[in-house]
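Work through the exercises below with the sequence and the structure side by side. Try each task before reading its solution.

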Amino acid sequence: MQENPAVTLLTPSVIHRLCRQLDIRPTKQLGQNFVTEPSAIRKIVREAGVKAGDQVLEVGPGLGSLTLGLLEAGACVTACEIDPRLAGFLPATILSHAPGAARQMYLIQKDALKLLPADLVGLLSIAEDAEGSGDERGGNVSVATSTSSRDFSPEVLVSNLPYNVAVPVLLHLFAVFPSLKRALVMVQKEVALRLCATPGSKVYGVPSVKIAWYGRARMGSEISRRVFYPQPNVDSALVEITREIKTPGESGFMGEVNGLAPGATPLEEQKEKERQAVFNLIDQAFASRRKMLRAGLKSWARPLAAEPVLKACGIDPTARAENLRVEQFVAIARLQRALLAGFETQEGKSTWENGSGEGEYKAHENLPVAGETPTEKAPLKARASANGKVNLLLAAGESEDGYHRLSIVFQAVSLKETVEITLQPAGIDLEVSFSAPPGAVGYHPGRDQQAMSGLDPQDNLATRAFVLVAAQCGYQGGAQIKINKQVPVAAGMAGGSADGAAALLAANQVLAAGLTLGELAELGASLGADVPFGLYGGTCFADRRGDRITPLPPAKPLHLVVAVSPETLPTPKVFQRFDQAGVPLTALPTLPEITALLQALYAGDFGALAKLIRNDLQAPALSLLPQLGATIEVARQQGAIPFITGSGPSVICLVDSAEKAEKLAGELAQLEQVAYTLPLTFSAPEIDLARKQWWA
Ligand code: C5P
């Protein structure tokens, strides 16, 4: 660990002498207690796992005991000290106790609660600053703003945190420094226990949940009071926090990049809004921690009632804040916003728009221009996938401009469309292949090939998606687009839309277009109403034309069988039949209807789901293809929950086990009106390479 043996740590006698010399009496107000024992310092550095070259941020270096320990381990340290006297003296201590390491030590005199990435740009090391001022022993060190010497992106926070502001400092730093992957900090033992507490524990509270938004907290060693000067009257402990990659639907999915640096993209703004909404909910819920949530969140939920929102998230309304995991707070906040957006009467007022607006488009530096061949060795290639879907709720309202107003609960299923794009000098070549998913019964690509045969490659959604992204970043060359299809064609499962979504993702990557998820969703909506969902996957609520997506927590991986019809049903025809039915338009679903469906979905309650699945296009689809009714009847007799998805003609049969799915797939495949069957499961959103930039 002692990478830098030329460093001498501070001893108790040196610290006492320094305090006397400087007339420093550690102040209670700033929560100052200095660690005096070199053994304790080395223990902290060891537990932090600091290695040579690590970019460490230290808050509250004080006299420099821990700073020297970090430099001894070879780290590159940026220290943030609020007390001007201590900040003024620290360089001299470093120059005398670690002269060889002063080039990897930077100092900022500032309140850590106000520290921002912009403060860590263009720093001068203590050594450079001392040389610049001509004072070998240092002196008042300040941040150089004119010379851009070094920009610092902290990876690890290692600190003996000022005890009175430990939690706000931690939350602030994780919020504003996305580069910060880990923290090992010393705090009051009670605070450490609170940070690491899990639901149900007496000490589980606001700090525990908010820290869990960013990652996982773990208790480290306890540190004796005797190693401090002055000796505090509280116990101390180390706590380690590790930032975690989140998937959509989990806490922090929208919270990885926040703090809103100038020039933040619409997606970053959206993420920050979500973090604020979740933190506000956490504060509200714990403000009345003894109350049941249905009462404690009454005013927060207005104009909605708290109880159905809680139930829809699978949360017992009589539970208390201290029983909920952070993911559950996220689910509540998200659903409330989704429902408010969905029931917004005035269009355009919603706060849940997919991030739109101007973005910066970076063209790939090495893009071939028309007539130029990309290098043989490194073809510019990218691949992305998007899943097929079923609609657990599809409620239609009036139509306007040829599109109906919809309320949808989308659920992705384990069928993937994969699009691979390789750039080429000119022209777009499209190649489509078909794959049977595992377990398919009676599968033959003939039906799907036939269904696609009339489609001009120029009109293929993958081609159109590529052209859209290329136009955004000024790319004028060509591309070879390969689609591998698993989702049945023209079957109401958004296979074509998934091609569009996967192509948007792959094009964004291969062209380094830098479009945000919200920007891609906006392009996707211009290709087709189901395309935005393909970008998100998992479980989503959608409204407007079905193109405004709100991701929801992922549902359980329930089993289903798809009975694919040999016939196809064009969506516009089904909507026309819906309009012609002459019955009064069904009202869009009410809040209790949606929440009851989600509640059954998250609980995996089959009996309840059977009653709540709704598709306003089922009757028109059945009237166009009455033979689907027979498939539904057979599946119902076998104990499944059968329904038509989207505009059909696929019949979806929910069953409660893999064995039943396999058996039912075999039986339904025998029917004359069934081309083939696919036993599947619901799937969670995927973090693939093309999406990682947003979700990791
Ligand atoms: O957007 P997409 O191309 O997938 O839609 C196909 C057709 O489905 C539309 O042309 C329209 O006839 C119908 N549709 C609708 N209302 C929606 C979505 C689609 O009427 N919200």
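**Exercise 1: a residue in a loop**

D401 sits in the loop between β10 (381–400) and β11 (403–424). The model is a predicted one.

Solution. 

**Exercise 2: another loop residue**

Task: Locate R544 and classify its accessibility.

Solution. 
Step 1. R544 belongs to the loop between β14 (539–543) and β15 (548–552).
Step 2. Phi of R544 is near 60 degrees, a positive value in a residue other than glycine.
Step 3. Buried means under 20% and exposed over 50%, with partly exposed in between. R544 has 25% relative accessibility, so it counts as partly exposed.

**Exercise 3: cis peptide bonds**

Task: State what kind of peptide bond joins Y229 and P230, and what kind runs from G648 to P649.

Solution. 
Step 1. Omega between Y229 and P230 is about -10 degrees, and the bond is cis. P230 lies in the loop between β8 (228–229) and β9 (236–243).
Step 2. From G648 to P649, omega is near 5 degrees, and this bond is cis. P649 is in the loop between β18 (641–644) and β19 (651–655).

**Exercise 4: helix α4**

Task: Describe the span, the bend and the burial of α4 (residues 84–97).

Solution. 
Step 1. The 14 residues of α4 reach 20 Å from first C-alpha to last, close to the 20 Å expected at 1.5 Å a residue.
Step 2. At L90 the helix α4 bends by about 25 degrees, and the proline P91 follows within four residues.
Step 3. At the N-terminal end, D83 caps α4 through a side-chain oxygen 2.9 Å from the backbone nitrogen of R85.
Step 4. Of the 14 residues of α4, 10 are buried, so the helix is largely enclosed by the rest of the structure. Among them are L86, A87, L90 and P91.

**Exercise 5: contacts of the ligand**

Solution. 
Step 1. The residues around the ligand include G402, H404 and R545.

Terms used:
Residues numbered from 1 in each chain as written. Predicted model: local features only at pLDDT ≥ 70, side-chain atom pairs only at ≥ 80, totals over all residues. Heavy atoms only, no water. Helix = DSSP H or I, 4+ residues; strand = E, 2+ residues; numbered from the N terminus. Expected span 1.5 Å × (residues − 1). Bend = angle between axes of the 7 residues up to and from the residue. Buried < 20%, exposed > 50% of the residue type's maximum accessible area, 1.4 Å probe, protein only. Polar contact = N/O pair within 3.5 Å; in protein donor to acceptor, adjacent residues only side chain to side chain. Near = heavy atom within 4 Å.
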